[in-house]
Amino acid sequence: MKKITGKVVSLVLALALVVTSFSANFAFAAKKSASGTVSSTNHDDEIYLVNGDKNKDEVVDLYSWLDAELETKDHQDIDGEKITAISHASGDKLVKWSFDDDDRATLELKDVDESGKEVLSVLYEGTYYDDDDNEVTVKARKDLTVYVLDKDEPVFGVYDSGYATKEAGTGVDEVKTFAQTKTSTQQIALYKAAPGTDAKATYQLWTPSLINDDDEPATTDADFAVEVTSGSSDVEITVADQILTAEVGKRDSNGDITKDAGTTNVVITAKAIKDNGDISGDSDDKYTLKTKIEKKIDVAKVFPGSTSFTVDKDGSKTVLTSDTDVEDPLYDDDDVVVTNCELVFPDNSDVTVSDGSVKKISGKLGDLDITGGSVSEIDVDSANIAIDDAKVGDITIDDDAAAAVNAVEVTSGSVGDIEAYNVTIEGGTVGAIDADGEVNVNGSDEETPVSTGKITADTVTAFDDDAKVSINGIVASDEGVITLKGENVTVGSIDFDHYAVTLNLGEDDEEFVGTIKAPANAEDGTIATQEEDTKVSVTGAVDVDTISVSDDTSITFDGAVTVDSIEGDGIITIKAGSLYVTGGVSGATLKLSDTALANGTTVFKADEDTVEEDDFETYGYTLEKSTSGDVDTFKIASLSFAGIQVNKTSSSIAVGYSETFTASAYPGGTALPTGSYVEWDLDGNDEIFDVTTNGNTATVKVLKTDADFASENKATLTATLYDEDGYELDDYGYEATVDLTATTVPVAVSDTNDDFSVAKGSAYQFKITSATVPTFTTGTAGVFKVELASKNGNDYFYKITAIGNVGAATGIYLNGTKLLVATVKAPAFTTDTTKDLTVKGAYTVKVTAAATPSFAVGTAGVFKAEFVSKNGNDYLYKITSVGAVGAKAGIYVNGVKTFVATVG
């Protein structure tokens with residue numbers, strides 16, 4: 001029979017989704033299918049059963065055991081979850097399945113004497129109704145591994161004190177590794193696998209014995225004899241009350257512990273005792289536990305009773321001391337060398353790392369302060385962690401830890417990925433953050449900018465209090481709130497993950513000024529501009545439930561916007577024809593970003609009877625509504641002068657460069673009032689920005705930048721309209737402003753920033769927007785040819801053509817900064833020959849490709865290849881045999897082997 005030894009399990013089934021699509025027609029609703037996920041909090045994808053005569057006809061209620069829950073990608077509530085099918089996927093055929101009268105899936109052993117491993121594929125199904133009352137079916141499946149153990153088969157596990165018999169179905173914990181520390185101990189039990197009432201495994205204690213010097217059991221009534229078969233000089237085992245206690249440490253000739261054990265593998269073997277009392281030599285009666293002694297310190301063994309510790313540097317060594325001066329008598333002094341060790345601290349310890357190098361910190365801590373040095377990894381059951389000017393790897397705090405002792409704060413330094421309940425970042429560089437509670441990113445020190453990876457959390461707040469804040473991306477993990485504040489916060493992407501998330505732009509008397517990408521999966525979410533002077537630009541298409549714009553705030557969209565409701569007294573700016581409203585509009589000024597407008601231009605569309613002509617405050621135009629089908633279309637009825645506009649709303653200017661701005665009437669096509677004129681004002685440091693004006697134009701030159709204070713490199717240029725008597729024409733709209741930034745080098749923006757591939761011989765064109773002529777280069781010569789294709793205003797169009805070998809890659813650089821990596825890929829092609837063949841004399845191959853392909857023979861001296869002709873996209877190549885009969889060569893097109901030719 002097959003034996004399964006070693007580990008047994010915690011059981012949590014995490015199933016990935018597979019969708020089956022089908023459709024049917026009904027009178028009132030349609031049936032659809034959708035993708036999603038299925039998960040369980042109780043079990044994983046393994047189940048352990050035990051054979052035996054008493055449980056052959058007993059069944060496992062698989063549905064109840066899995067306790068799984070289906071969920072769609074957009075978090076719909078699923079009804080009627082059930083297992084609809086089970087099939088054998090691989091392995092031994094050990095179980096059979098059926099469905100009872102309630103369609104509940106059950107498992108049953110096929111044979112009471114068979115053991116081994118079988119993989120089943122389990123299919124789940126559930127339904128929900130979408131907003132159109134269509135019934136949507138969700139299907140998902142995942143492999144379930146079934147292990148069947150022999151009745152009474154021994155299994156090693158960590159001893160769970162208080163339980164002589166493990167609870168049915170919970171499995172036995174995997175044995176953890178040993179620490180090096182003197183007198184480090186671990187209680188291990190040898191369990192027997194016993195069948196429960198429905199064949200699920202339970203675990204009962206065996207009675208073990210040690211092997212004495214005569215290679216005999218030390219205890220005659222034991223079932224198994226146990227010995228260490230490797231690493232024996234470092235591990236000593238004792239037996240008491242059926243429990244094995246393994247003690248670690250190097251010993252002298254007298255058996256006394258003298259120093260820490262070395263790192264080594266450890267194998268503990270249990271051998272069955274035969275009826276005559278001898279130890280069995282049969283390999284089927286041996287059961288092994290493989291573990292190891294790691295470079296790990298059990299701090300409680302070194303400093304018994306202490307709960308306050310410091311890690312520091314002593315010369316070239318990293319040392320651990322106890323603040324309470326409790327000294328292990330086995331050490332010469334209080335300083336324990338822990339260089340590159342894992343430190344396992346006792347419960348409720350307070351730890352300070354001042355310097356040195358530690359491999360890992362684990363345990364159940366109170367406060368962990370890291371003020372220097374490096375820690376490669378932190379994986380703790382609980383802790384409040386503070387990091388300042390240190391290098392730390394990934395941090396994980398157990399999900400079960402209370403919020404009060406599950407927090408990380410970083411004020412400076414470098415930190416890897418973080419998993420914790422609450423996270424606060426005030427400076428430094430941090431990896432991805434996954435938090436169940438709140439994440440606050442606050443650039444509080446102007447000399448310490450903040451940079452983080454992707455943040456996933458219920459609540460995220462980012463504020464550039466004094467320093468620049470850069471976040472790779474934000475993903476909502478529930479119906480939470482994302483808040484951005486300040487003028488120096490950048491976020492790579494925002495994902496609402498189909499939750500009803502609110503994105504607040506500005507809060508608590510702090511405006512937000514900046515650009516964000518359109519939130520993804522935001523159809524149930526809200527975008528809200530708050531606090532006076534908030535100015536936001538949103539790039540990309542927007543699909544959101546609500547847009548709320550508070551008074552004296554503005555939001556500009558450069559793409560299409562679909563929204564259910566719009567509210568507030570602020571300004572929404574969008575291109576004509578790019579807005580669609582499915583619900584209602586209350587207030588808000590709708591301004592069009594088009595440079596020229598005309599009567600009859602479509603402004604926006606809406607679901608029928610949801611919006612009226614006067615629901616929006618319009619700016620420089622009036623509306624008229626027409627209806628077609630179930631859609632209302634709102635067009636410009638008339639135009640009138642509303643105020644002034646400047647040709648740009650923001651600009652970055654490098655030291656030594658200047659830019660000229662022009663004010664004109666808004667909307668385009670209207671005229672400034674007779675006798676009116678424009679006055680310009682620059683709010684900024686005049687040692688950095690110099691402005692000269694001439695009527696409707698203003699030229700701004702940057703003289704230098706401030707390396708210490710980023711705020712000094714910002715300025716606002718304002719154009720204000722006055723009448724012929726010198727009075728401000730404040731009856732017309734709003735002042736026109738330009739946000740200026742001084743930079744040390746010219747700023748240029750590319751429309752392409754991600755790595756990509758170009759087929760050999762093909763070209764790709766970049767659009768670079770820059771106030772000055774940019775430099776656009778490749779890092780490696782001979783891979784791509786670069787040329788300036790055209791220029792339109794501040795837009796420069798650069799074309800790259802793939803000329804290198806397939807697979808060659810190079811960096812693309814804009815003004816000396818690497819944008820991305822471009823790779824040459826094989827052009828798409830087809831051939832009329834894809835199977836290996838024998839050629840007697842010559843053979844012609846037809847290759848169809850959009851660009852001239854490469855055609856080659858892989859092995860020299862077997863075939864001669866030559867181009868024959870071209871007709872449209874068809875290229876003919878002839879191979880002629882020149883090698884000996886039986887010689888073979890691969891035939892390659894664009895570097896890809898298409899077939900093998902043999903000389904006939």
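Mentor: Start with β52 and strand β54 (residues 617-618), which pair in the parallel sense over 2 bridges. Strands here are DSSP runs (E, at least two residues; helices are H or I, at least four), numbered from the N terminus, and two strands pair if DSSP finds at least two bridges between them. Keep in mind that this is a predicted model: local features need pLDDT of at least 70, side-chain atom pairs count only at pLDDT 80 or more, and totals for chains, interfaces and linings use all residues. Residues are numbered from 1 along each chain as its sequence is written, and side-chain values use heavy atoms, with hydrogens and water left out.

Trainee: OK. Which residue is the bridge partner of threonine 589 in β54?

Mentor: Glutamate 617.

Trainee: And how many bridges join β50 to β52?

Mentor: 7 bridges, between strand β50 (residues 561-574) and strand β52 (residues 585-592), and they run parallel. Isoleucine 566 has valine 585 of β52 as its bridge partner.

Trainee: Remind me, what do strands of a sheet pair through?

Mentor: Backbone hydrogen bonds, either parallel or antiparallel.

Trainee: Now the sheet with β58. What's the strand order?

Mentor: It's an open sheet of 4 strands, β58-β64-β63-β60, with mixed pairing. β58 (650-654) and β60 (677-683) are at the edges with a single partner strand each, so one side of each has no neighbour in the sheet. The twist from one strand to the next averages 25 degrees, with axes being lines fitted to C-alpha atoms (for helices, over the stretch in contact) and angles running from 0 to 180 degrees between N-to-C directions.

Trainee: How do β58 and β64 run, parallel or antiparallel?

Mentor: Parallel, with 5 bridges joining β58 to strand β64 (residues 736-743). Isoleucine 653 sits opposite alanine 742 of β64.

Trainee: Where does the antiparallel sheet with β73 have its edges?

Mentor: That open sheet has 4 strands in the order β73-β75-β78-β77, with antiparallel pairing. Its edge strands are β73 (829-831) and β77 (863-871), each pairing on one side only. On average, neighbouring strands in this sheet are turned by 25 degrees against each other, direction ignored.

Trainee: What joins β73 to β75?

Mentor: 3 bridges in the antiparallel sense, with β75 covering residues 842-849. Threonine 830 has threonine 848 in β75 as its bridge partner.

Trainee: Switching to holes. How many cavities of 30 Å³ or more are there?

Mentor: The structure holds 1. A cavity is a set of points on a 1 Å grid over the protein atoms alone where a 1.4 Å probe fits but cannot get out; a pocket is an open set with protein on both sides within 12 Å along at least five of seven lines; and lining residues have an atom within 4 Å of a point. The largest cavity has about 50 Å³ of space, the volume being the space filled by probe spheres set on the points, with grid points joined across faces, edges and corners.

Trainee: Which strand gives the largest share of that cavity's lining?

Mentor: β58, with 3 residues. The residues lining the largest cavity include Ser652, Ile653 and Ala654.

Trainee: And what about the second largest pocket, how much space is in there?

Mentor: About 950 Å³. It has 29 lining residues, and the closest to its centre are Lys176, Thr177, Lys296, Val344 and Ser362. β28 gives the most to that lining, with 5 residues.

Trainee: How does the lining of the second largest pocket divide by class?

Mentor: 9 nonpolar, 7 polar and 13 charged. Ala, Val, Leu, Ile, Met, Phe, Trp, Tyr, Cys and Pro count as nonpolar, Asp, Glu, Lys and Arg as charged, and the others, Gly among them, as polar.

Trainee: What does glycine 356 touch?

Mentor: Not counting residues up to four places away in sequence, Lys313, Thr318, Gly373 and Ser374. Contact means heavy atoms within 4.5 Å.

Trainee: And where is aspartate 152?

Mentor: In the loop between β11 (135-149) and β12 (154-158). Aspartate 152 is partly exposed, at 30% relative accessible area.

How values were computed: Buried < 20%, exposed > 50% of the residue type's maximum accessible area, 1.4 Å probe, protein only.
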